[in-house]
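Me: I would like to go through the backbone details and the aromatic contacts of this one. Could we take them in turn?

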Amino acid sequence: MAPILHFIAISLSCSLLFVLSSSQDSQSLHHYPQPTSSSEPSLLVLPIQQDASTGLHWANIHKRTPLMQVPLLLDLNGKHLWVTCSYHYSSSTYQAPFCHSTQCTRANSHKCFTCTDSATTRPGCHNNTCALMSSNPVTREAGFGELAQDVIAIHSTHGSKLGPMVTFLQFLFSCAPSFLAQKGLPNNVQGALGLGHAPISLPNQLFSHFGLKRQFAMCLSRYPTSNGAILFGDIYDVNNNYTDNSIDVLLDMVDAPLAISLQGEYLMQISAIRVNKHMVVPTKNPSMLSSYHGDSRIGGAMITTTNPYTILHHSIYEVFTQIFAQNLPKQAQVEGVGPFGLCYDSKKIKGGIPSVEFVMDSRDNVWRISEENLMVQVKNGVSCLGFVNGGMHTRTEIALGAHQLEENLVIFDLAKSIVRFNSNPLKSHGKTCANLFDLKNA
């Protein structure tokens with residue numbers, strides 16, 4: 001039987017004949033006809049790549065008229081898609097909704113935007129439009145930009161074959177100030193792709209526009225030369241013709257309650273970190289819970305893609321690293337290499353890494369962390385425990401990072417408020433994120 005999803009290389013030279021002025025001369029926005037298709041897609045697929053220099057992940061979004069690929073940082077908790085429009089943004093279908101319009105209300109924008117840096121209007125620079133705050137999730141810089149709408153296109157799939165590319169004609173996003181993309185992002189990345197639980201995040205707009213089940217699956221590749229993927233829709237739908245290539249992985253999943261912060265961030269419960277089966281590191285530390293006095297502190301473990309490595313509150317990090325170190329020869333330890341505090345001579349610990357499990361809401365509900373997800377080779381002959389001491393003032397006890405999520409299938413079931421992880425690493429099933437969805441040609 002064919003693999004679960006055959007992604008074949010297809011041409012993006014289709015001619016989208018949308019003709020609409022990008023000026024603000026008219027007092028209302030034109031309505032585009034809906035794209036025609038023999039059937040509504042049940043799954044939409046976005047290939048994801050890892051950036052070797054930063055350890056972060058990014059995707060090419062097909063956007064504008066005519067369509068072009070726009071590289072954007074993957075931000076699991078971002079509120080919306082933002083892109084810098086100051087230079088080289090050309091699209092005949094770009095529009096900036098007027099202030100107090102229905103689009104502004106949907107985007108939760110209650111502030112009007114006035115452009116002051118240009119004598120002529122252009123994408124990202126109109127007056128009497130909606131102001132939307134965007135932020136760089138790496139540098140934490142933020143700034144107001146213009147709420148905008150334009151065409152995007154994304155791959156669909158109907159099981160074992162790649163379906164047509166479908167278009168979303170009035171997708172809402174932010175034309176953000178250019179300084180937001182100048183630091184912290186992978187080279188050539190022009191903005192961020194927000195997947196958070198917010199009105200105009202990418203998932204919520206796709207769910208609403210295409211009538212998809214409120215669920216998306218994420219599989220981040222560890223290898224810069226091969227693709228991972230995000231799938232929007234019902235990955236368990238029997239009509240998607242799943243075969244033995246993936247059914248064993250889908251059946252080897254553990255569930256945990258999924259919570260949403262007030263900022264739309266994804267949270268889960270990790271009640272303990274277990275080292276070598278019997279040593280338990282409690283994550284509910286009363287002194288830790290009272291150590292932060294800011295209003296923005298939230299409980300639980302946050303799932304992130306914009307932290308390259310998992311960040312632990314200082315009190316958890318200290319106990320966890322002490323127990324981990326007790327299970328390895330002391331003479332194997334070497335000086336730490338930033339940002340890591342616990343590092344080893346790789347030759348002296350080969351084959352002897354302690355097992356680490358995240359215990360969810362019960363002792364038997366665990367997520368096993370593979371050795372590849374635990375350790376980071378920082379230089380030739382030196383491997384470090386890939387967890388970072390976040391200090392005393394972290395927003396959450398644990399912020400799961402991209403390195404620990406790589407080569408794991410993670411399913412966010414927003415309808416049921418559940419997050420699912422594969423209980424055992426994909427490699428135990430002989431799989432990677434690339435061959436699980438056959439994305440090497442996507």
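Predicted model: local features only at pLDDT ≥ 70, side-chain atom pairs only at ≥ 80, totals over all residues.

Me: Where is P66, and what kind of peptide bond joins it to T65?

Reply: P66 is in the loop between β2 (57–63) and β3 (68–75). The bond joining T65 and P66 is cis, with omega at about 0 degrees.

Me: And what about G338 and P339?

Reply: A cis peptide bond joins these two residues as well, G338 and P339, with omega at about 10 degrees. P339 lies in the loop between β18 (333–334) and β19 (343–345).

Me: Next, phi. What is the value for N276, and where does the residue lie?

Reply: Phi of N276 is near 50 degrees, which is positive although the residue is not glycine. N276 sits in the loop between β14 (272–275) and β15 (279–282), and its relative accessibility of 24% makes it partly exposed.

Me: Then E407: buried or exposed?

Reply: E407 is buried, since its relative accessible area is 6% and the cut-off for buried is under 20%. Its phi is also positive, near 60 degrees, and the residue is found in the loop between α7 (402–405) and β26 (409–413).

Me: Changing topic: how do β20 and β21 pair?

Reply: Strand β20 (residues 356–359) pairs with strand β21 (residues 366–369) in the antiparallel sense, over 4 bridges. A hairpin of 6 residues joins the two strands, and E357 has R368 in β21 as its bridge partner.

Me: Now the rings. How many aromatic pairs are there?

Reply: The count comes to 15 aromatic pairs. One of them is Y94 with F173, an edge-to-face pair at 6.3 Å centre to centre with 75 degrees between the planes. This pair links distant parts of the chain, 79 residues apart: Y94 is in the loop between β4 (82–84) and α1 (102–106), F173 in strand β8 (residues 162–176). Y94 is buried at 0% relative accessible area, and F173 is buried at 0% too.

Me: What is the geometry of F216 and F232?

Reply: F216 and F232 form a tilted pair, 6.2 Å centre to centre, with 35 degrees between the planes. F216 lies in strand β10 (residues 215–219) and F232 in strand β11 (residues 228–233), so the pair ties together parts 16 residues apart in sequence. Both F216 and F232 are buried.

Me: Which residues form the aromatic cluster?

Reply: The cluster is formed by F320, F324, F358, W367, F387 and F421.

Me: Finally, which ring does K63 lie over, and which does R64?

Reply: K63 lies over the face of F173, at 3.3 Å from the ring centre. R64 lies over the face of Y89, at 4.0 Å from the ring centre.

Key. Residues numbered from 1 in each chain as written. Heavy atoms only, no water. Buried < 20%, exposed > 50% of the residue type's maximum accessible area, 1.4 Å probe, protein only. Pairing = 2+ DSSP bridges. Phe/Tyr/Trp six-rings, centres within 6.5 Å; stacked < 30°, edge-to-face > 60°. Lys NZ or Arg CZ within 6 Å of the ring centre and 35° of its normal.
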